[in-house]
There are 2 protein chains.
Amino acid sequence: MPTMRDFSTDHRWLSINTATVRKQRGVDWPLLDILDACAERGIRAVSPWRDQVASAGLRATAARLRAHGQVLSGYCRGGMFTYSDEAGRQAARDDNRRALDEACELAAPCLVLVVGGLPGALAGQAAHRDIAGAREQVAQGVAELLADARERSMPLAIEPLHPMYAAERACINTLEQALDLCDTLDPQSDGAIGVAVDAYHVWWDPKLQQQIERAGRTKRLLALHVCDWLTPTTDLLNDRGMMGDGVIDLPRLRGWMEAQGYAGFSEVEIFSHRWWALSGAEVLDTCVDRHRRCV
Amino acid sequence: MPTMRDFSTDHRWLSINTATVRKQRGVDWPLLDILDACAERGIRAVSPWRDQVASAGLRATAARLRAHGQVLSGYCRGGMFTYSDEAGRQAARDDNRRALDEACELAAPCLVLVVGGLPGALAGQAAHRDIAGAREQVAQGVAELLADARERSMPLAIEPLHPMYAAERACINTLEQALDLCDTLDPQSDGAIGVAVDAYHVWWDPKLQQQIERAGRTKRLLALHVCDWLTPTTDLLNDRGMMGDGVIDLPRLRGWMEAQGYAGFSEVEIFSHRWWALSGAEVLDTCVDRHRRCV
């Protein structure tokens with residue numbers, strides 16, 4: 001294995017997913033202020049969410065990023081391809097095209113895709129129980145979006161989500177499954193589609209190393225997201241841990257990625273009532289510290 | 001596909017995992033009373049937990065089962081093979097041998113194995129982050145127990161647990177992974193080891209049908225557990241749903257099992273604060289009803 005990058009002496013490869021600090025102590029933290037706070041700390045990359053960008057304004061966001069010399073590690077997010085009627089399908093398609101355009105405007109390296117689960121499940125009432133059918137809709141939706149993405153030269157990054165989100169958020173649940181879809185849609189692997197590897201979602205997978213190696217061979221490793229898995233985990237969505245506080249061997253995972261040529265950012269994405277209860281400054285300072293010591 | 005068994009007109013293939021009614025409205029329901037209540041409803045199979053058997057007495061339990069003409073669909077449970085020191089390893093080995101002896105005394109068709117996660121994680125403090133190492137301990141532990149199990153002609157049923165339990169309860173998390181281990185330890189597939197397929201743990205798996213077919217070819221389908229996945233799920237452990245209340249396509253899963261020759265019980269195993277808050281009679285009546293309509 002080639003020598004891993006040394007993260008201990010600086011944080012040039014740290015990116016902040018802005019959901020990590022989107023609402024601190026009950027108050028929305030405006031995206032432009034988050035960018036400023038990151039810049040003050042020498043954090044040179046972020047991954048913003050679309051609703052945050054919409055609130056701040058797309059052009060204002062792009063301008064602020066340029067002013068700070070900041071780049072994106074990804075754009076969050078497209079996807080949600082599953083539907084229960086034709087109107088839902090069309091709405092998803094239109095929305096994903098807008099997401100692509102925004103990603104281009106912000107010069108993102110990729111549009112991250114959370115593909116959707118059983119239609120209606122996120123609202124508490126699934127329209128059906130046919131997860132295989134939902135997966136077919138996802139394959140079709142990604143295929144359609146891929147044509148648009150190729151026109152814009154904007155890579156798509158499928159993010160497999162933890163199986164506990166299969167019903168409500170994403171029915172692509174393993175790296176193997178995501179790569180199978182990539183290989184089907186893009187057999188030449190020309191850079192148009194790949195995967196976002198989020199430690200929280202994939203750390204448990206007995207085939208993780210094998211599939212990272214597969215993804216490396218086909219040049220599909222587009223992003224690395226980090227946080228940690230806490231024991232106990234008290235909430236399925238919003239109890240993710242700060243790096244170092246849980247059981248994920250993050251350096252090992254990063255080593256597997258880097259052995260396959262991954263040389264991009266390590267993007268911190270933490271959904272956590274605990275961390276949202278602190279000041280944004282404290283959270284960002286902790287991210288910098290843990291990035292150096294635990295990733 | 002061969003015609004599935006018709007569950008709608010009787011419940012001869014219903015089994016109750018006794019954790020489903022172990023504590024109703026805050027009061028432990030004694031195992032012998034559970035057996036009586038099942039017998040009153042024509043429920044002819046159960047899967048009791050070791051702590052419940054210990055409280056009721058092993059011989060008393062066996063006698064009551066015989067008196068009712070009831071059989072086991074499995075015995076819950078052996079496993080927890082991972083350890084952080086030699087004393088822990090020895091304790092696990094001894095305890096698993098006792099579990100085997102109890103399973104024999106109760107004439108169980110198999111001893112179900114929940115293999116363990118990272119040592120210490122269930123108590124909140126994992127001894128390490130090496131899940132690959134934990135999996136090696138599991139393979140070694142199952143191999144040792146298999147020798148004892150063969151002597152007693154007691155089949156072992158590895159139960160892959162949902163990936164959200166990888167840290168604390170079981171680092172075998174997919175049917176494929178469980179079957180890989182079975183094939184390694186028992187390449188001839190002589191009936192000594194197989195799998196317990198629990199809908200809750202595996203329903204999300206994109207390779208589920210494929211791996212059930214594989215398990216059928218090698219005669220490893222030893223048990224079927226059912227409940228349902230709720231949306232939302234509010235607790236990682238104790239918010240499992242009654243069949244029909246969630247998003248799992250149980251008839252499809254059972255169909256895949258039966259197409260491979262599975263002709264055993266459908267064992268209801270529900271950990272749920274909601275159902276534990278009702279009377280045991282109401283829960284059992286609901287299990288009978290849903291078994292007929294939703295499985």
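A:Glu258 is located in helix 9 of chain A, which spans residues 250–259 (helices being DSSP runs of H or I with at least four residues, and strands runs of E with at least two, numbered from the N terminus). The model is a predicted one, in which local features require pLDDT of at least 70 and side-chain atom pairs count only at pLDDT 80 or more, whereas totals for chains, interfaces and linings use all residues. Residues are numbered from 1 along each chain as its sequence is written, while chains are lettered from A and ligands numbered from 1 in the order in which they are written.

A:Glu258 counts as partly exposed because it has 19 C-beta neighbours inside 10 Å; a residue is buried with 20 or more other C-beta atoms within 10 Å of its own, exposed with 12 or fewer, and partly exposed in between, the C-beta atoms being placed from the backbone. Between the C-alpha atoms of A:Glu258 and A:Glu40, which are 218 residues apart along the chain, the separation is 28 Å.

In helix 6 of chain A (residues 175–185), the buried residues are A:Leu175, A:Glu176, A:Ala178, A:Leu179, A:Leu181 and A:Cys182. Their cover includes helix 5 (131–152), strand 8 (156–158), strand 9 (193–198), helix 7 (199–202) and helix 8 (208–217) of chain A.

In chain B, helix 1 (residues 31–40) packs against helix 3 (residues 58–68) at an angle of about 10°, with the axes 10 Å apart (axes being lines fitted to C-alpha atoms, for helices over the stretch in contact, with angles running from 0 to 180 degrees between N-to-C directions). Helix 1 of chain B is therefore roughly parallel to helix 3 of chain B, a term applied to angles under 35 degrees. Helix 1 of chain B contributes B:Leu31, B:Leu32, B:Leu35 and B:Ala39 to this contact, and helix 3 of chain B contributes B:Ala60, B:Thr61, B:Arg64, B:Leu65 and B:His68, two residues being in contact if their C-beta atoms, placed from the backbone, lie within 7 Å.

In the interface, 26 residues of chain B are in contact with 26 residues of chain A.

Technical notes
Parallel < 35°, antiparallel > 145°, perpendicular 65-115°, else oblique.
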